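I opened a new page in my notebook today.

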Amino acid sequence: MTSTMVESSTILVNSWIHRIQSEGGVADIEIYEDIRRLSGEIISRACFGSNYSKGEEIFSKLRALQALVSDKSLLSAIPGMRCLPTKRNRKIQSLGKEFEKCFSRYVDPDVVGFESRMADSCRAEISEVCGKQLPNAAILPKMKTLTMVINESMRLYPTAPIITREALQEMKFGGLTIPKGVTIWTFLPMLHQDPEIWGPDANKFNPERFANGVTAACKLPQVFMPFGFGPRLCLGMPFALQNSKFC
């Protein structure tokens, strides 16, 4: 993912340099549209496996859909108004269908297929473990596949992406000296997606890496800390994990 960001950004910067040179060393560049296109390019390539020219079709329909949905009027506050076949509602439904078609056409089929298989596996596991009874505290630990998916989701998208600690005394890490009183920020996404720790697929959604638990998922299992670590570990961790399985 990082390489995609660097490559797309480099292309944009080079285009600015070329324009500045072609205009004699000074150019007035309106960067808003360029930055928007850059974001779209990165998202398209990372999520859809395509470039911005293909992803733009998705984004344009999504922006139009957002504009219609967010356009509030007095009539929209009336219960059931969205279900009536008004011109606005028909347009929303039409754009929604067009967006789904574009998304399914450009999205990487391998990604969709893999995530769909994982979802099917979770549903099958829940049906097998729970049967006809409601889930309870004794059943939840048996949901191995669901636990793998939750762990992988927290690895890629930690709820609290930054953990801060204050150095109570001067500390040294290799050649780095940290003075007393300095606040240390730990960025979890960097730790959770480091290829040297998690392997070459660190940026990909792969719940199967947790098939044998956290200790076998990476080289340094202690860096997996979506709920913090040490004496200040989140007290709500057991509740949050159980709640995520119920939800």
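My entries below go from the ground rules to salt bridges, helices and a surface patch.

**Ground rules.** I am working with a predicted model, where local features need pLDDT of at least 70, side-chain atom pairs count only at pLDDT 80 or more, and totals for chains, interfaces and linings use all residues. Residues are numbered from 1 along each chain as its sequence is written, and side-chain values use heavy atoms, with hydrogens and water left out.

**Salt bridges.** How many salt bridges are there? I got a count of 5, taking a salt bridge as a side-chain nitrogen of Lys or Arg within 4 Å of a carboxyl oxygen of Asp or Glu.

I looked up Glu 23 and Arg 19, whose side chains meet at 3.0 Å, N to O. Glu 23 is partly exposed because its relative accessibility is 42%.

Next I found Asp 120 bridged to Arg 123 at 2.5 Å, N to O. Both lie in helix H5, 3 residues apart, about one turn of the helix. My helices (H or I, at least four residues) and strands (E, at least two) are DSSP runs, numbered from the N terminus.

Then I turned to Arg 155 and Glu 152: are they buried or exposed? Both are buried, and their closest N and O atoms are 2.8 Å apart in a salt bridge. I also noted that a network of salt bridges links Glu 152, Arg 155, Asp 201 and Arg 209.

Val 129 sits in helix H5, residues 109-130. Leaving out residues up to four places away in sequence, I found Val 129 touching Ile 139 and Lys 142, where contact means heavy atoms within 4.5 Å. Val 129 and Ile 139 are 10 residues apart in sequence, with 6.9 Å between their C-alpha atoms.

**Helices H6 and H9.** I saw Leu 146, Thr 147, Ile 150 and Met 154 of H6 meet Leu 241, Ser 244 and Lys 245 of H9.

**Surface patch.** Which residues form a nonpolar patch on the surface? I listed Ile 162, Trp 185, Phe 187 and Met 190, with about 440 Å² of accessible area together. Accessible areas come from the Shrake-Rupley method with a 1.4 Å probe, and for residues only the protein chains shown count as cover. Patch residues have over 30% relative accessible area and no salt bridge; like charges are joined within 9 Å, and nonpolar side chains (Val, Leu, Ile, Met, Phe, Trp, Tyr) within 5 Å. Ile 162 lies in strand E1, residues 162-166.

Methods: Buried means under 20% relative accessible area, exposed over 50%, partly exposed in between (1.4 Å probe, protein chains only).
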